[in-house]
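Please keep the sequence and the model in view while reading.

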Amino acid sequence: MISPERRIQAFVQLGHKIQDLLKEEENELFYRAQNQNNWFTLENCKRAFEGLAFMLEEKSIRAWLEKYKLPTEGESKDVGVLMAGNIPAVGFHDLACVLLSGHTISAKLSSADTVLMKWLIDQLISLEPSFESNIQISEMLKAKDAYIATGSDNSSRYFHYYFGKYPSLIRQNRTSVAILTGQETDQEILDLGKDVFLYFGLGCRNVSKVFVPNNDILEKVLGLLEVYASVGDHHKYHNNYEYNKSIYLVNNEPHLDNGFLLLKQDSQLVSPISVLFYEVYDGMEELERLISSQLDKIQCVVGNTEVFKEAIPFGKAQSPGPEDYADGEDTLKFLLSL
């Protein structure tokens with residue numbers, strides 16, 4: 001088994017390689033990723049890799065791992081990981097957790113995100129050749145010792161059926177919400193735009209719904225967010241905007257529109273691409289009830305910590321640290337228990 005220190009150093013060095021990559025003016029890797037998946041724009045690939053570089057800073061990794069006891073010997077388990085592909089390199093955190101825990105990964109990459117993930121895997125192996133025997137890219141994940149799978153609520157039922165008899169960590173649909181009180185500064189609303197529009201809203205940490213104290217704040221929000229109008233230039237996003245707008249118009253459903261974003265009152269959490277749902281709350285007690293009743297579907301709550309203690313500051317939803325696990329499930333703890 002590779003020593004914990006060598007495992008850690010490989011990821012720290014990968015962080016340095018990513019930093020060097022980000023300094024390149026013309027990045028062939030990101031162009032290839034964009035050609036494979038039009039949602040993975042050059043800007044979004046760059047932003048995702050900036051997040052990985054931050055996550056892989058030595059102080060961040062060591063602070064994350066200090067509360068765990070990484071194995072120095074023993075039998076490695078073969079962990080099957082079914083990766084998502086909704087945002088660039090989203091499967092990397094699971095890859096890191098499996099390798100840092102001393103296990104072997106059999107990864108079924110998302111067809112939407114093979115370019116970036118294969119590059120990251122190749123770099124890791126070049127930095128720590130012993131990893132080559134610990135990483136397998138597989139199309140079929142049969143008879144593994146344990147499983148990690150990420151998908152929709154519907155696909156999770158199939159995962160439970162196929163993988164349920166093995167130790168497994170199965171994730172379902174989650175999304176993020178924001179709390180507005182009407183006291184926010186213009187800058188905080190502008191920062192909220194990052195949480196809404198980064199990766200076109202496709203990530204579980206993207207805000208798809210805002211809770212507001214009244215309707216008066218909505219015009220301000222819609223107006224300030226016009227600085228993100230360039231998102232509407234993306235053809236896939238624009239097609240979603242036109243489709244959703246036409247549905248609301250045909251069905252006579254009330255909504256607000258600034259030309260690329262639709263604001264619609266809805267009790268649901270997950271909004272379609274180009275739509276931001278909102279719900280009006282009547283006081284803090286009702287707000288707490290609305291959120292607590294749906295916590296199992298919420299990844300992040302964005303807002304002021306004085307209003308919601310666990311809130312993430314505006315603009316920071318898509319800046320997770322290595323300890324910010326999907327679905328709030330401690331992936332490393334699960335792997336170390338095998």
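Which residues in helix 5 meet residues in helix 6? In this predicted model, the residues of helix 5 are Phe 92, Leu 95 and Leu 99, and they meet Met 117, Leu 120, Ile 121 and Leu 124 in helix 6. Sorted by class, this contact of helix 5 with helix 6 comprises seven nonpolar residues, no polar and no charged ones.

**Helix packing**

The table sets out the geometry of the two pairs.

| Helix pair | Angle | Distance between axes | Crossing |
|---|---|---|---|
| Helix 5 (residues 92–100) and helix 6 (residues 115–127) | about 25° | 11 Å | right-handed |
| Helix 1 (residues 4–22) and helix 5 | about 150° | 9 Å | right-handed |

Because angles under 35 degrees count as roughly parallel, helix 5 and helix 6 are roughly parallel to each other. Angles over 145 degrees count as roughly antiparallel, and helix 1 and helix 5 are therefore roughly antiparallel to each other. On the side of helix 1, the contact with helix 5 is made by Arg 7, Ile 8, Phe 11 and Leu 14. Helix 5 contributes Phe 92, Ala 96, Leu 99 and Leu 100 to this contact. By class, the contact of helix 1 with helix 5 holds seven nonpolar residues, no polar residues and one charged residue.

Helix 5 also contains His 93. With a relative accessibility of 13%, His 93 counts as buried, since the limit for buried is under 20%. Apart from neighbours within four places in sequence, His 93 is in contact with Met 55, Trp 64, Pro 322 and Tyr 325.

**Nonpolar cores**

The largest nonpolar core has 81 residues. Within this core, Phe 11, Ile 18, Phe 49, Phe 92 and Leu 120 touch the most other members. What does Phe 49 touch, not counting residues up to four places away in sequence? Its partners are Ile 18, Leu 21, Leu 22, Leu 29, Phe 30, Ala 89, Leu 116, Trp 119 and Leu 120. Another core, of 12 residues, lies apart from the largest one and includes Ile 179, Leu 269, Tyr 281 and Leu 290.

**Strand 11 and Ile 298**

Strand 11 covers residues 298–302, and Ile 298 lies in it. Is Ile 298 buried or exposed? At 4% relative accessibility, the residue counts as buried. Although Ile 298 and Ser 176 are 122 residues apart along the chain, their C-alpha atoms are separated by 5.3 Å. Setting aside neighbours within four places in sequence, the contacts of Ile 298 are Arg 174, Thr 175, Val 177, Leu 269 and Ile 291.

**Loop residues with positive phi**

Ser 274 is not a glycine, yet its phi is positive, at about 85°. This serine is found in the loop between strand 9 (262–265) and strand 10 (275–280). A relative accessibility of 4% means that Ser 274 counts as buried.

Asp 327, likewise not a glycine, has a positive phi of about 60°. The loop that holds Asp 327 runs between strand 11 and helix 12 (331–336). At 13% relative accessibility, Asp 327 counts as buried.

Conventions: Residues numbered from 1 in each chain as written. Predicted model: local features only at pLDDT ≥ 70, side-chain atom pairs only at ≥ 80, totals over all residues. Heavy atoms only, no water. Helix = DSSP H or I, 4+ residues; strand = E, 2+ residues; numbered from the N terminus. Buried < 20%, exposed > 50% of the residue type's maximum accessible area, 1.4 Å probe, protein only. Contact = heavy atoms within 4.5 Å. Core = buried A, V, L, I, M, F, W, Y, C linked by side-chain atoms within 4.5 Å. Axes fitted to C-alpha atoms, helices over the stretch in contact; angles between N-to-C directions. Parallel < 35°, antiparallel > 145°, perpendicular 65-115°, else oblique. Left-handed = near helix turned anticlockwise from the far one by under 90°. Nonpolar A, V, L, I, M, F, W, Y, C, P; charged D, E, K, R; others polar.
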